[in-house]
Amino acid sequence: MEERKWFKEMSMYQIWPRSFKDGNGDGIGDLKGVMSKLDYIKSLGVDAIWFSPLYVSPQADYGYDIADYCDINPDYGTLDEFKEVLAAAHERGLKVIMDLVINHTSDQHEWFKKSVKREEPFTDFYIWRDGKGKNGKKAPNNWMSTFPGSAWEYVPERGQYYLHLYAKEQPDLNHDNPTVREYIKKVMRFWLDMGVDGFREDVITEISKADGLPNGFPLMPASRGMEHYNHGPHIHEYLSDYRTVIKDYDAFQVGEAPLLTPKKALGYVVGDERELDMCIGFQHMEADCILIGWLKTPFSLKKLKKVYDNWQTTLYQKGWNANYLENHDQPRVISRYGSEKYRVESGKALAMMYSFLSGTQFIYQGQEIGMTCPYFDKYPEGTDPWAQFKDVSTFCVRDLMRKFGFSQKHILKVAHTAARDCARTPVQWTAGKNAGFSDGEPWYAVNPNYTEVNVEAAEKDPNSLLNFYRKIIALRKQYKDAAVYGKFEIHLKRHPHLFVYDKIAEDGTKLTVVLNLSDKAIPCKKFAKYIPSDAQELLSVYDGCSFAAVTKPYEGKLYISNVRTGE
Ligand code: GLC
Ligand code: CA
């Protein structure tokens with residue numbers, strides 16, 4: 001039997017603060033803005049909020065470069081304002097999860113500045129190495145950053161190179177140093193003592209680097225060396241160390257884990273001795289690309305179903321999963337796996353697809369109203385198309401693709417559904433000025449479709465995606481024995497457009513999800529036999545009509561059957 005836990009039943013709403021809601025008119029999202037939208041978040045039926053980094057940061061990677069772990073970025077407000085938001089969230093029964101970014105800090109962090117100067121105890125807080133070759137002018141090894149370019153930066157003042165797996169402003173912490181781990185644990189306790197309920201841990205499986213830092217596979221143009229630092233030799237030891245803090249508070253942990261397979265996940269998320277409660281993996285976000293969004297392939301539902309089948313089956317009654325379709329790194333899913341033409345319909349179908357899988361549900365700001373990727377490849381003549389982008393990784397990938405001979409046109413076209421910028425446009429609240437995001441000039445362009453796609457309009461329409469999400473979140477709870485804890489069984493594995501699966505509770509109650517994830521007219525006799533004869537419809541992409549001879553675009557339904565009554 002699957003062990004019941006509060007965190008398994010959660011639906012969690014992710015806030016990327018800069019673009020959520022501006023409360024003081026300076027064009028940047030902030031805590032005041034969050035405060036004004038807490039009732040809205042609560043109204044979705046979710047149980048928790050995950051804040052992408054709110055901490056002091058020079059914003060080289062929009063908050064994932066932290067200069068002070070124990071204070072709030074002045075753009076977002078103050079620590080007191082955070083405490084108010086925390087209390088107000090708790091009053092509404094919403095848990096609050098903070099982003100914990102400990103693979104690296106900002107190069108503006110005190111620890112790093114002191115490390116440069118070899119001030120104790122910070123001398124070995126980072127991964128410093130002498131250069132190689134004559135005069136020590138060559139990098140210590142051939143590793144490349146995830147944001148392409150060398151993973152090493154030379155600091156004349158210290159006469160050594162430091163490792164950075166991300167931007168050069170993000171030096172990697174040396175977790176092999178026990179003092180570093182003590183400092184991190186203090187940071188964790190700081191937030192847990194304040195009352196936060198847990199952490200989302202950034203690229204956490206990368207914190208243990210192989211001894212001797214051996215060269216990586218030379219043909220990798222980015223993240224070179226990953227085989228030596230992802231799921232590294234001491235990862236379980238270090239995570240268990242951090243877990244001791246979590247256990248003291250009965251808090252919650254979800255860890256971001258690049259290149260994760262279900263089998264690998266079992267090494268982190270099983271039983272009372274687990275090091276994490278669940279992992280954020282990536283395989284299901286690779287149904288329209290090869291490893292990274294920029295290497296595009298046509299969307300393959302078959303590939304996606306295979307991934308879900310593998311995860312749902314391998315983790316069943318053993319480990320736990322984090323189910324998401326969007327976040328601040330993943331461009332809007334309707335533009336990727338769905339259809340902008342059938343925005344609402346495909347948005348509903350995708351929502352149904354992932355909401356009844358076993359795992360904790362994550363929803364990213366704006367996903368619930370069906371925000372789409374902005375068209376950065378359509379720009380006024382004579383202007384610089386790249387001026388619209390702000391994300392450090394976009395520029396790095398662009399430069400790399402240029403080197404490989406891709407045309408500007410191609411790179412811009414791919415950027416539409418690959419650049420992280422496309423997930424980061426301001427939330428569209430109203431059809432008014434700046435989409436109701438800010439009274440001032442927004443820090444980032446609002447998607448022009450805000451006149452049609454916005455919260456205010458969606459609230460008024462009973463058939464909107466927003467109201468559909470509310471129903472889904474409620475149904476997932478109401479039928480949690482099947483939806484959250486049930487056994488997954490897939491049908492028509494090889495069909496290119498149909499996704500049909502059951503979730504079966506211990507008592508036999510069965511949820512059946514039937515989806516056409518395309519705009520094609522598919523004969524309904526293809527799937528009719530999977531709808532049990534006693535099935536009752538719970539939810540439908542097209543309200544108020546039954547399946548005709550062939551499917552409509554993105555048509556789908558959720559059924560319940562074999563319900564035990566009177567027991
Ligand atoms: C994670 C974050 C991403 C960030 C990176 C480095 O993948 O989600 O936004 O750039 O780690 O911190
Ligand atoms: Ca502001």
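Predicted model: local features only at pLDDT ≥ 70, side-chain atom pairs only at ≥ 80, totals over all residues.

Residues are numbered from 1 along each chain as its sequence is written, chains are lettered from A and ligands numbered from 1 in the order in which they are written, and side-chain values use heavy atoms, with hydrogens and water left out.

Let's begin with the metal. The calcium ion (ligand 2) is held by Asp22 (OD), Asn24 (OD1), Asp26 (OD), Ile28 (O) and Asp30 (OD), at 2.2 to 2.3 Å. Donors here are N, O and S atoms within 2.8 Å of the metal (3.2 Å for Na, K and Ca), and as water is not among the atoms, sites may look incomplete. Along the chain, these donors of the calcium ion (ligand 2) show the spacing D-x1-N-x1-D-x1-I-x1-D. Asp26 is partly exposed because its relative accessibility is 37%, whereas Ile28 is buried because its value is 12%.

Now to the secondary structure, where helices (H or I, at least four residues) and strands (E, at least two) are DSSP runs, numbered from the N terminus. Asp71 sits in strand 4 (residues 68-72) and is partly exposed, at 29% relative accessibility. Its C-alpha atom lies 5.6 Å from that of Tyr55, although Asp71 and Tyr55 are 16 residues apart along the chain.

An open sheet is made of three strands in the order 6-8-7, with antiparallel pairing. Strand 6 and strand 7 (152-155) are the edges and have a single partner strand each, so one side of each is left without a neighbour in the sheet. Two strands count as paired if DSSP finds at least two bridges between them; strand 7 and strand 8 (residues 160-163) run antiparallel and are joined by four bridges. Tyr154, for example, has Tyr161 in strand 8 as its bridge partner.

The loops hold some backbone features worth a look. Leu213, in the loop between strand 9 (198-201) and helix 6 (235-249), has a phi near 40°, a positive value in a residue other than glycine. Leu213 counts as buried because its relative accessibility is 8%. Asn434 also is not a glycine and has a positive phi, of about 50°; this residue is in the loop between helix 12 and helix 13 (455-460). With a relative accessible area of 17%, Asn434 is buried.

Finally, the spaces. On a 1 Å grid over the protein atoms alone, a cavity is a set of points where a 1.4 Å probe fits but cannot get out, and a pocket is an open set with protein on both sides within 12 Å along at least five of seven lines; lining residues have an atom within 4 Å of a point. Grid points are joined across faces, edges and corners, and a volume is the space filled by probe spheres set on the points.

The largest pocket has a volume of about 1300 Å³. Its lining counts 49 residues, and Thr146, Ser223, Leu291, Ile292 and Gly293 are the closest to its centre. At least two lining residues come from each of strand 12 (289-290), strand 13 (292-296), helix 11 (392-403) and helix 12 (408-418).

The second largest pocket holds about 390 Å³. Among its 20 lining residues, Pro298, Phe299, Arg336, Tyr337 and Gly338 lie nearest its centre. Both domain 1 (6-104 + 183-465) and domain 2 (487-562) give at least three residues to this lining; the domain bounds come from an automatic or database domain assignment.

There are also five cavities of 30 Å³ or more. The largest cavity has about 80 Å³ of space, and helix 8 (301-315) gives the largest share of its lining, three residues.

Conventions. Buried < 20%, exposed > 50% of the residue type's maximum accessible area, 1.4 Å probe, protein only.
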